[in-house]
Amino acid sequence: MSSSPETLLETLSVELSNEEFESARATVADLEEEYENRRGEEVERLQQSQALYLDVNQEGVSLEEASELNEISGLGGGTQFLRAVLLTVATTLVEAHEELATEGRLAEVTDVAQAAIDELSESENRLEEQTPSTQEILDKSTIPPSVNITIDSIEQSPLTPSEETTLTTTVMNTGDTQAEGVSVEISSTDGLDVSPRETPVGSLKGGNSVGLNFEISALEPGGQSIEIEATSDNAGSDVATRVVTVTPPEATSVEDYTNEEGVVDTDGLRAAVGDWQAGDIDTDLLREVVTAWQSGEPVG
């Protein structure tokens with residue numbers, strides 16, 4: 001994709017004003033892709049800026065440069081927040097514009113989206129203007145060690161109770177010198193079980209990274225949150241979070257005990273009795289299975 005965020009934001013503004021929601025959907029997708037492509041480099045730059053600013057032993061960095069490092073940390077974080085706000089509002093417009101129109105709220109939500117576009121455009125321009133000079137400061141400096149953690153993927157989501165999946169994460173030292181005593185700890189709400197809870201990484205050279213896997217088991221339905229924290233002896237800490245949706249299991253029916261011909265045979269009956277004894281199905285369903293078995297006719 002060749003369009004810049006500035007161009008995409010201008011395009012999206014026109015599309016929303018003209019209620020061109022199908023084309024707006026594609027523009028939102030392009031924005032999401034562009035921001036995702038930029039995210040890794042931007043996060044690393046912001047972390048390096050903050051680590052250098054906070055280093056009390058820094059040499060060769062003037063007060064003016066330190067002020068710029070501090071400013072871009074706030075500007076970068078604010079820009080990322082505004083991106084998330086706009087994408088959320090714009091997606092709502094695209095996907096629910098008919099409902100919003102029926103409720104008489106389409107113009108109101110469109111105004112919110114347009115205001116978010118204006119604010120984000122201004123923030124993106126300021127970030128773009130300041131990035132080159134900040135990068136020059138970083139390039140000439142020795143960046144203190146700083147740990148960064150990202151959640152790369154979750155193999156399967158949503159889950160149903162008793163299902164398992166694997167979460168993959170990356171821990172990186174975005175500094176130039178070695179991070180010591182790096183460790184990663186994962187926690188979750190009660191609806192998930194995660195393992196291992198804590199993983200020691202040890203030393204991590206500047207610019208190096210390590211990938212870690214965690215096993216997740218779903219226990220209870222609902223939006224369950226995961227928090228992964230990387231800590232260190234000399235490189236600070238960082239946190240990544242993710243929400244995993246656990247959906248209720250589909251209700252069991254007589255069809256679950258039929259064979260390829262749609263008939264409840266003896267094997268199906270035995271399976272139903274076993275599930276009833278285990279408490280997985282109730283007596284009413286067991287009676288339905290028995291009746292279907294006695295009839296020998298296809299179910300449904």
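## Briefing on a predicted model

Helix α5, which covers residues 266-278, and helix α6, which covers residues 283-295, pack at an angle of about 170°, and their axes are 10 Å apart. The two helices are therefore roughly antiparallel to each other, since angles over 145 degrees count as such.

**The contact of α5 with α6**

- On the side of α5 the contact is made by T266, G268, L269, A272, V273 and W276, while α6 contributes T283, L286, V289, V290 and W293.
- Sorted by class, the contact of α5 with α6 has eight nonpolar and three polar residues, and no charged residues.

**Nonpolar cores**

- The largest nonpolar core has 25 residues, and the members that touch the most other members are L167, V171, V184, I226 and I228.
- Two or more residues of this core come from each of the elements β1 (147-154), β2 (164-173), β3 (179-188), β4 (192-195), β6 (209-218), β7 (222-231) and β8 (238-246).
- Apart from this core lies another one of 23 residues, and L16, F21, A24 and Y35 are among them.
- When its neighbours within four places in sequence are left aside, L167 is in contact with I151, S153, I154, L212, N213, F214, I216, I226 and I228.

**Salt bridges**

- The count of salt bridges in the model comes to eleven.
- One of them joins the side chains of R83 and E124, with a distance of 2.8 Å from N to O.
- Because R83 lies in helix α3 (residues 63-102) and E124 in helix α4 (residues 106-140), this pair ties together parts that are 41 residues apart in sequence.
- Both R83 and E124 are buried.
- Another salt bridge is formed by the side chains of R105 and E103, at 3.4 Å from N to O; here R105 counts as partly exposed, with a relative accessibility of 34%, whereas E103 is exposed, with a relative accessible area of 51%.
- The side chains of D267 and R270 also meet in a salt bridge, at 3.7 Å from N to O.
- Since D267 and R270 are three residues apart in helix α5, about one helical turn separates them, and both D267 and R270 are exposed.
- Salt bridges also link E22, R25 and E95 in a network.

- Although A230 and V147 are 83 residues apart along the chain, their C-alpha atoms are separated by 6.9 Å.
- With its neighbours within four places in sequence left aside, A230 is in contact with V147, I149, V171, S183, V184, G236, S237 and D238.
- T134 has its place in helix α4, and T134 is likewise buried, with a relative accessible area of 0%.
- Leaving aside the neighbours of T134 within four places in sequence, the residues in contact with T134 are S49, E68, L69 and I72.

Conventions: Residues numbered from 1 in each chain as written. Predicted model: local features only at pLDDT ≥ 70, side-chain atom pairs only at ≥ 80, totals over all residues. Heavy atoms only, no water. Core = buried A, V, L, I, M, F, W, Y, C linked by side-chain atoms within 4.5 Å. Buried < 20%, exposed > 50% of the residue type's maximum accessible area, 1.4 Å probe, protein only. Helix = DSSP H or I, 4+ residues; strand = E, 2+ residues; numbered from the N terminus. Contact = heavy atoms within 4.5 Å. Axes fitted to C-alpha atoms, helices over the stretch in contact; angles between N-to-C directions. Parallel < 35°, antiparallel > 145°, perpendicular 65-115°, else oblique. Nonpolar A, V, L, I, M, F, W, Y, C, P; charged D, E, K, R; others polar. Salt bridge = Lys/Arg side-chain N within 4 Å of Asp/Glu carboxyl O.
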